[in-house]
Amino acid sequence: EGKGVSLAITGAGLDVLIATGGLEEALSCRGCEGGTLLTCTCPRLRVFGRMTPHQKVLVVRAYAAAGCIVGMCGDGGNDSGALRAAHAGLALSARAEASAAAPFSTDSTSLFALVRLLREGRASLCTSSAAYRFLVVRGIVVTQAKNVMMLYAGLYMAPLAYPYLDMLSLSVLLWAICLARPAARLAPRVPEASLFGPQNVVSATLATVLYLATLGILIGFLFVQPWFVPFETDVALNEWQTRSDNFESPIFFLWNAWFALDLATVFSKGHLYRLKASKNKALVWSVILLALPCVLLLFSGETAFNCAFKINCDKWTFFRIKDHWINSFLFPYERIGGDTWSAPLDSTNYSIFFKILVAAILLLASLLHHYLHSTLILGPLVQEWMPRRLGWDDGRGRVFLVWAKAKQRALFSRRRPGGLREAGTVLRPLEARAEEEEEM
């Protein structure tokens, strides 16, 4: 009963504890400070030796039942059952009998391989979260921008803009985000694991508000330019190829393309669990190569490349490229050039001052986004203050998710006969429902 004492137990002792029903008590934090097994600084049982394969499985399951996330390392066939029963099983020495059962294996014989596994796992979790936020935020922001374009004057971007943004840029950036490497050292705390945790929600909200405001600023400066003429047309809405010959649509494309590059870079910041974004060579080169066409389109003018995207284009170049060889590889609605010029003027080329202004606004928006993400999202406000003072952590995020699912089930149950019984499940405490979801 002395404080600060931990015991080692053999397989025979484990059988006695199981037979007498004392295993749960023996696993508790008894005789030292801590209160629960998860926060115990001196567990009553610390070493398990001379265990049979079945007893190893029982120990793993006992700790899992006590609320622990259990890891298991083994190097032989007698460890296979425990490796499979653990939350994370790591087979050492890459022996066939152990590695066949374990989710993870290594040719190393050192237990430090477990540290590497934790670093890789945490980095993968952060990368998955970053990819999720990238897709969700980009989808929300671009959808709102398209709504603005349609409500303003039925505007569309150039036909080639959509394959570039939705197929090339999106696919390449998502691939590059997923190549982030784990941090060199294991962080002292676990990363956020809930999609509704403070880091995911606040960072997504910040990016959405910032870049929608940036789009509003760009459009506002465009409207006050002395050479600007608003787009007006009486062409049917289904003739959408002609609705990109104007001064407004290029702004949406340049903003959209730059926003995706900035979002991928910001969400790839390493913080505690991944190497910094500059160490991700695939991301660095992807951003450079995808930004280069945007810079050329903005600062050049009245070339075939410009008119293919209808940015800084004139009608004579537009007419000339209608027989370009690239049209042989494009669908009819994607072909560049044509016989009809629908812009209000003979040229949609921006002034030098406005080109510099657009570049400066986009660059300042990126710098502001990086600064706010580093100081707010990755700083003490979101990482420490919100979870501690507001109680907003992974558990609260899971409760919100369970609440949303419960509301959805209640809504659909009202439309089905006999649905009142299912609707009654919504009234159960949310914390209990969250625990059920975790067990499932």
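This is a guided tour of the predicted model, stop by stop, with what to select at each one.

**Before you start**

Residues are numbered from 1 along each chain as its sequence is written, and side-chain values use heavy atoms, with hydrogens and water left out. Because the model is predicted, local features need pLDDT of at least 70 and side-chain atom pairs count only at pLDDT 80 or more, while totals for chains, interfaces and linings use all residues.

**Whole chain**

Show the cartoon for the entire protein. It has 17 helices and five strands; these are DSSP runs numbered from the N terminus, with helices (H or I) of at least four residues and strands (E) of at least two. Of the 440 residues, 44% count as buried. Buried means under 20% relative accessible area, exposed means over 50%, and partly exposed is in between (1.4 Å probe, protein chains only).

Switch to the surface. The accessible surface comes to about 23,500 Å², and 63% of that belongs to carbon and sulfur atoms. Accessible areas come from the Shrake-Rupley method with a 1.4 Å probe, and for residues only the protein chains shown count as cover. Among contacts (heavy atoms within 4.5 Å) between residues at least 6 apart in sequence, 66% join residues at least 24 apart.

**Stop 1**

Select Arg50, in the loop between β2 (45–49) and α3 (53–65). Its phi is near 55°, a positive value in a residue other than glycine. Most residues other than glycine have a negative phi. Arg50 is exposed, at 78% relative accessibility.

Now select Glu302, in the loop between α10 (281–299) and α11 (304–308). Glu302 also is not a glycine and has a positive phi of about 60°. At 36% relative accessibility, Glu302 is partly exposed.

**Stop 2**

The structure holds six salt bridges. The criterion is a side-chain nitrogen of Lys or Arg within 4 Å of a carboxyl oxygen of Asp or Glu. Three of them are visited here, including the pair Lys56 and Asp79.

- Select Lys56 and Asp79, whose closest N and O atoms are 2.5 Å apart. The pair links distant parts of the chain, 23 residues apart, with Lys56 in helix α3 and Asp79 in the loop between β3 (71–74) and α4 (80–85). Lys56 is buried at 18% relative accessibility, and Asp79 is buried at 6%.
- Select Asp346 and Lys315, with 3.2 Å between the closest N and O atoms. Asp346 lies in the loop between α12 (315–320) and α13 and Lys315 in helix α12, so the pair ties together parts 31 residues apart in sequence. Both count as partly exposed, Asp346 at 39% and Lys315 at 22%.
- Select Lys322 and Asp339, with closest N and O atoms 2.5 Å apart. Lys322 and Asp339 are both in the loop between α12 and α13, 17 residues apart. Lys322 is partly exposed at 35%, whereas Asp339 is exposed at 58%.

**Stop 3: the disulfide**

Select Cys307 and Cys313. A search of the whole structure finds one disulfide, defined as a pair of cysteine sulfur atoms within 2.5 Å. It joins Cys307 to Cys313, with an S to S distance of 2.0 Å. The link is right-handed, with 100° about the S-S bond. Cys307 is buried at 1% relative accessibility, and Cys313 is buried at 1%.

Cys73 is partly exposed, with a relative accessible area of 22%, while Cys126 is buried at 14%.

**Stop 4**

Select residues 248–266, helix α9. Of its 19 residues, 17 are buried.

Next select His373 in helix α13 (residues 352–377). His373 is buried, with a relative accessible area of 3%. Leaving aside neighbours within four places in sequence, its contacts are Arg133, Ser203, Leu206, Val266, Phe267, Lys269 and Leu378.

**Stop 5: a nonpolar surface patch**

Select Val148, Tyr152, Ile217, Phe221, Phe223 and Val224, which form a nonpolar patch on the surface with about 540 Å² of accessible area together. The elements giving two or more residues are α6 (112–153) and α8 (198–223), and α8 supplies the largest share, three residues. Patches are made of residues with over 30% relative accessible area and no salt bridge; nonpolar side chains (Val, Leu, Ile, Met, Phe, Trp, Tyr) are joined within 5 Å, and like charges within 9 Å. Finish on Val148 in helix α6, which is partly exposed at 44%.

Notes
The expected span of a helix is 1.5 Å times one less than its number of residues.
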